[in-house]
Amino acid sequence: MLTVHFGELDEMQYGPSWFKYNYKPEWLKDPFVQEMIKGVDNSEYVDGLVINSPVFGPIPPERLSGGLKTLIMIYKRTDLIFDATSCGQNCAVWLKEIGRRVDVKVCLEYLMDFAEPLEIMIDNENRIVRSEKDFMYTAMKYI
Amino acid sequence: MKGKHHILIETESLRYEFDVRRNITVLQGESATGKTTLIDILAEYSKKGRGGGIRVQSDVPCFVFNGSADRWMYELGGMSGGVIFIDEDYRFIQSNEFAEYLAHSDNYYVLVTRKPLYNLPYSINEIYGIRTSGKYHFPEKIYHEFYPIYGDNYGNISDEKRILLLIEDKEAGYDFFKDMVGDGRCMSAEGNAGIYPRIIEIGSSEDILLIADGAAFGSYVDKVVHLRQLRGHIAIYFPESFEWMVLKSGIIKGRDILNMLESPEEYIDSKEYMSWERFFTALLIELTKDDPIKRYSKSGITDFYRGQNAEKILGVMPEEIRRLI
């Protein structure tokens with residue numbers, strides 16, 4: 001399940017930097033990571049460490065967007081808490097999908113919209129929200 | 001620093017073109033739109049200059065802050081009279097110290113961040129996303145431009161129902177609107193931070209017209225827009241400030257006023273005024289200080305700002321908003 005903490009936590013990590021210096025080449029072989037590469041950056045994984053970007057042509061993983069790098073870190077390092085504020089609104093659908101697959105906790109410091117159906121644990125209140133309205137009113141109390 | 005500065009940044013495959021015209025511009029929006037790439041290209045240019053395959057055209061220097069977060073004040077001190085770009089991983093931009101530093105800085109700042117920066121009085125009109133045109137197919141050139149995220153969308157509420165005015169201001173602006181509609185229909189939020197709790201307090205039974213200083217409401221606008229979507233029945237009007245409305249109404253005469261209202265950026269020095277609404281307040285006070293009838297004070301309005309002149313001030317509002325009062 002996806003757990004969201006509104007605001008900062010001391011142990012919060014910054015996804016783009018973590019990814020840049022710590023990603024594992026085999027992560028790119030994961031079909032779900034490839035789906036996120038397509039969904040967020042509109043790019044295609046080719047092979048090895050090569051991704052085909054419609055903007056830059058062939059690029060290494062270091063040149064993926066900050067939001068995508070953070071999503072991959074959230075998915076692959078569930079032992080850490082990342083700042084999902086690096087993820088734009090177009091990452092919300094992927095954050096929800098990550099939460100459907102694994103248990104993760106993220107921090108969030110802006111009002112990201114999540115479409116229903118949703119099931120998100122709010123860390124600040126230790127309760128699960130299941131509607132967009134409940135999620136947003138709760139977020140507005142803390143952000 | 002003063003003025004509007006047109007900036008063009010170009011490589012053989014990418015082009016960014018935009019204007020900056022206030023001390024704070026905020027860049028946000030979806031992932032993968034090119035925000036970090038913009039910063040990276042500028043940082044590369046600052047290292048290699050013209051020999052690095054990057055062309056930068058601007059009448060003022062463009063700097064990228066990529067130094068130590070612990071020594072930001074020292075490092076920013078070496079940059080003057082330019083536009084400084086700061087990417088989202090620097091948390092110091094949320095600090096009181098940064099707000100105090102920026103209040104007297106002669107640089108403009110472009111801050112890449114989705115977080116609301118409650119310490120900084122930035123304008124709702126200077127929050128941008130990046131959009132792309134071109135074929136979006138490598139190796140065709142991609143063109144990036146800034147677009148304002150919050151446009152003139154006043155909200156859609158009926159004018160048949162009694163409406164409650166929620167005024168961000170607690171002094172002259174609030175006095176003015178309370179005078180126009182009466183005590184029972186006007187409430188002060190006593191500052192930007194009071195708006196969200198006041199709307200929650202009011203509940204869902206009332207239609208609300210929220211009036212706040214657009215020049216300094218940037219960190220709160222996203223919350224209000226979301227609240228309007230959720231609750232409905234909220235119209236919003238964000239003039240630069242109440243004093244801007246008074247000056248715009250034409251009831252105060254003075255040299256250069258029209259030009260100042262047309263192109264404030266040519267007159268407002270970022271080192272002197274942290275946000276435009278402070279300039280318009282100072283200007284209105286200065287223009288009226290020698291006239292006991294017109295004399296303007298932030299603490300409350302005099303009779304000069306009532307009656308026919310009040311109608312002229314209200315006439316500055318767009319018709320969709322004016323008819324609600």
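Reply: In this predicted model, the sulfur of A:Cys107 lies 12 Å from the closest cysteine sulfur, which belongs to A:Cys87. A disulfide needs two sulfurs within 2.5 Å, so that gap is too far for a bond. A:Cys107 is also buried, at 0% relative accessibility.

A:Cys91 is in no disulfide either. Its nearest cysteine sulfur is that of A:Cys87, 4.4 Å away. A:Cys91 is buried too, with a relative accessible area of 0%. Over all chains, the disulfide count is zero.

Now the sheet. Six strands of chain A form an open sheet with mixed pairing, in the order E2-E6-E7-E1-E8-E9. E2 (12–13) and E9 (127–129) stand at the edges. Each has a single partner strand, so one side of each lacks a neighbour in the sheet. E9(A) pairs with E8 (residues 120–122) in the antiparallel sense, over three bridges. There, A:Ile122 stands opposite A:Arg127.

Helix H3(A) packs on this sheet and touches strands E6 (81–83) and E7 (104–108). Its direction makes about 165 degrees with that of E6(A).

H3 (residues 66–76) also meets helix H1 (residues 15–22) of chain A. Their axes come within 8 Å and cross at roughly 75 degrees, which makes H1(A) roughly perpendicular to H3(A). H1(A) contributes A:Gly15, A:Pro16, A:Trp18 and A:Phe19 to the contact. H3(A) contributes A:Gly66, A:Lys69, A:Thr70, A:Ile72 and A:Met73. Of these residues, five are nonpolar, three polar and one charged.

Notes:
Residues are numbered from 1 along each chain as its sequence is written. Chains are lettered from A and ligands numbered from 1 in the order in which they are written. This is a predicted model: local features need pLDDT of at least 70, side-chain atom pairs count only at pLDDT 80 or more; totals for chains, interfaces and linings use all residues. Side-chain values use heavy atoms; hydrogens and water are left out. Axes are lines fitted to C-alpha atoms, for helices over the stretch in contact, and angles run from 0 to 180 degrees between N-to-C directions. Helices (H or I, at least four residues) and strands (E, at least two) are DSSP runs, numbered from the N terminus. Angles under 35 degrees count as roughly parallel, over 145 as roughly antiparallel, 65 to 115 as roughly perpendicular and the rest as oblique. Contact means heavy atoms within 4.5 Å. Ala, Val, Leu, Ile, Met, Phe, Trp, Tyr, Cys and Pro count as nonpolar, Asp, Glu, Lys and Arg as charged, and the others, Gly among them, as polar. Buried means under 20% relative accessible area, exposed over 50%, partly exposed in between (1.4 Å probe, protein chains only). Two strands pair if DSSP finds at least two bridges between them.
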